[in-house]
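Please read the points below alongside the sequence and the 3D view.

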Amino acid sequence: MHLLPSHPVNTTIKAIQFGVLLLKSYQFQDLVGPVDYLNTHTHSFLDGIAPPAIVAKAPNITWHYISEFNDFSPITASSGPPQIPTTTFNQTPALDYLLIPGADIYHTFPVEATKFIQARFPELKGLLTVCVGSLHLSRTGLLDGKRAATNKVALRLTVEQGQFQQFRNVTWVKDARFVRDGKIWSSSGVTAGLDLAAEFARVNFDPEVNQAASEAFEYKANPARPDPFKYLLDGVDLM
C-alpha cells in the first residue's frame with residue numbers, strides 16, 4: 001500500500017515498546033484488531049502513504065509477544081494461525097505499554113504471568129485490556145477500586161453462574177465501549193478493542209498521524225458512549 005516515494009528514516013522518531021500477553025485460546029480479534037490498528041499509525045507503515053511532514057511525526061512501535069507460559073511454544077487463539085512468542089518474561093525489555101486480550105471468562109494467569117504483570121505495572125505508561133482481558137486482570141488486584149469495561153455477556157454470565165463475587169472489587173461500567181481509569185485502559189466486547197485503540201491513538205499520537213492512519217484503515221471510531229450493547233446488562237446487579 002505504498003503510494004508515495006519513501007524518504008530517509010527520521011532518527012528522532014518516537015520509539016515505543018509495546019508488549020502483548022498471549023493467553024491460551026485468546027480471542028483472535030482482541031489482539032489483531034488493536035495491534036493492526038495501532039501499527040497503522042507507525043512511521044514504517046505510513047512511509048510512502050502519507051506526506052513526509054506527517055510521516056515524520058509518526059512513532060515506531062516494537063511489538064513484544066509474550067506467552068503467559070513463559071516459553072516459545074506457539075499459542076493457539078480462538079481462530080487464525082498459532083502465534084509464536086518473541087520473548088519471555090525475563091528477556092522482555094522495559095515496556096511502555098502492555099496489551100492483554102481476553103480468553104475464557106474465568107481464565108487465571110499462571111503464577112509467573114501474574115508476577116510479571118504486577119512487577120512491570122509501575123513502569124508502564126499504560127496497560128490495555130480488551131474484552132474479558134479486564135476480568136483476567138482483576139484477579140491480579142490491579143483493578144481493585146477502579147472503573148473498567150468488559151464483555152457484557154461474560155459479565156452477566158458471572159452473575160447468573162454465581163461467580164461474580166471474585167470480580168466485585170471493580171466498578172464495572174455498563175454503558176461504555178471503553179473506559180480509562182488512570183493508566184489502565186479497558187474495552188468492552190471484542191470489536192470495542194478497535195475503539196479503545198482509536199482513543200489510545202487520539203490521546204498519544206499526532207492528530208494528522210491519526211487522520212492518515214484512520215483513512216488508510218478506513219475506520220471511523222465509535223465514542224465511549226452511548227454503548228449500543230448496554231441493554232445486555234439491564235437489570236443485572238453488579239453491586
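The structure, a predicted model, holds 10 aromatic pairs. Rings of Phe, Tyr and Trp (for Trp, its six-membered ring) pair if their centres lie within 6.5 Å; planes under 30 degrees apart count as stacked, over 60 as edge-to-face and the rest as tilted. Residues are numbered from 1 along each chain as its sequence is written, and side-chain values use heavy atoms, with hydrogens and water left out. In this predicted model, local features need pLDDT of at least 70 and side-chain atom pairs count only at pLDDT 80 or more, while totals for chains, interfaces and linings use all residues.

**Aromatic pairs**

- The ring centres of Tyr 37 and Phe 217 are 5.0 Å apart and their planes stand at 90°, so this pair is edge-to-face.
- This pair links distant parts of the chain, with Tyr 37 in helix H1 (residues 28-39) and Phe 217 in helix H8 (residues 207-217), 180 residues apart. Helices (H or I, at least four residues) and strands (E, at least two) are DSSP runs, numbered from the N terminus.
- Tyr 37 counts as buried at 4% relative accessibility, whereas Phe 217, at 27%, counts as partly exposed. Buried means under 20% relative accessible area, exposed over 50%, and partly exposed in between (1.4 Å probe, protein chains only).
- Tyr 97 and Phe 200 also form an edge-to-face pair, because their ring centres lie 4.8 Å apart and their planes are at 90°.
- Tyr 97 belongs to strand E3 and Phe 200 to helix H7, so that the pair links distant parts of the chain, 103 residues apart. Both Tyr 97 and Phe 200 are buried.
- Tyr 97 and Phe 200 are part of one aromatic cluster, together with Phe 18, Trp 63, Trp 185 and Phe 205.

**A charge over a ring**

- The charged end of Lys 183 sits over the ring of Phe 121, 4.5 Å from the ring centre. The criterion is that NZ of Lys or CZ of Arg is within 6 Å of the ring centre and within 35 degrees of the ring normal.

**Salt bridges**

- The count comes to 9 salt bridges, where a salt bridge is a side-chain nitrogen of Lys or Arg within 4 Å of a carboxyl oxygen of Asp or Glu.
- One of them joins Asp 96 to Lys 125, with the closest N and O atoms 3.5 Å apart. The two residues are 29 residues apart and belong to distant parts of the chain: Asp 96 to the loop between strand E2 (60-67) and strand E3 (97-100), Lys 125 to the loop between helix H4 (111-120) and strand E4 (126-129).
- Asp 96 is buried, with a relative accessible area of 14%.
- Asp 195 and Arg 177 form another salt bridge, their closest N and O atoms being 2.8 Å apart. Asp 195 lies in helix H7 (residues 192-204) and Arg 177 in the loop between strand E6 (171-172) and strand E7 (178-181), a link between distant parts of the chain, 18 residues apart.
- Both Asp 195 and Arg 177 are buried.
- Within helix H7, Glu 199 and Arg 202 lie 3 residues apart, about one turn of the helix. Their side chains meet in a salt bridge of 2.7 Å, N to O.
- Arg 202 counts as exposed at 53% relative accessibility.

- Arg 120 lies in helix H4 and counts as buried at 13% relative accessibility.
- Neighbours within four places in sequence aside, Arg 120 is in contact (heavy atoms within 4.5 Å) with Phe 89, Thr 92, Pro 93, Ala 94 and Leu 95.
- Leu 238, in the segment after H8, counts as buried at 12% relative accessibility.
- With neighbours within four places in sequence left aside, the contacts of Leu 238 include Leu 155, Val 159, Phe 164 and Trp 172.
- The C-alpha atoms of Leu 238 and Phe 167 are separated by 9.3 Å, and the two residues are 71 residues apart along the chain.

**Annotated domain**

- An unreviewed UniProt entry carries the annotation "domain: DJ-1/PfpI" for residues 69-201. UniProt positions are given in the numbering used here, feature names are shortened, and annotations may be inferred rather than shown by experiment.
- The span 69-201 is 26% helix and 15% strand, and its end C-alpha atoms lie 30 Å apart.

**Confidence**

- The protein averages a pLDDT of 94, and 95% of the residues score at least 70; pLDDT is the predictor's confidence in each residue, from 0 to 100.
- Over residues 2-11 the pLDDT is below 50, and this stretch has 20 contacts in the model beyond near neighbours in sequence. Where pLDDT is low, the predicted coordinates should not be read in detail.
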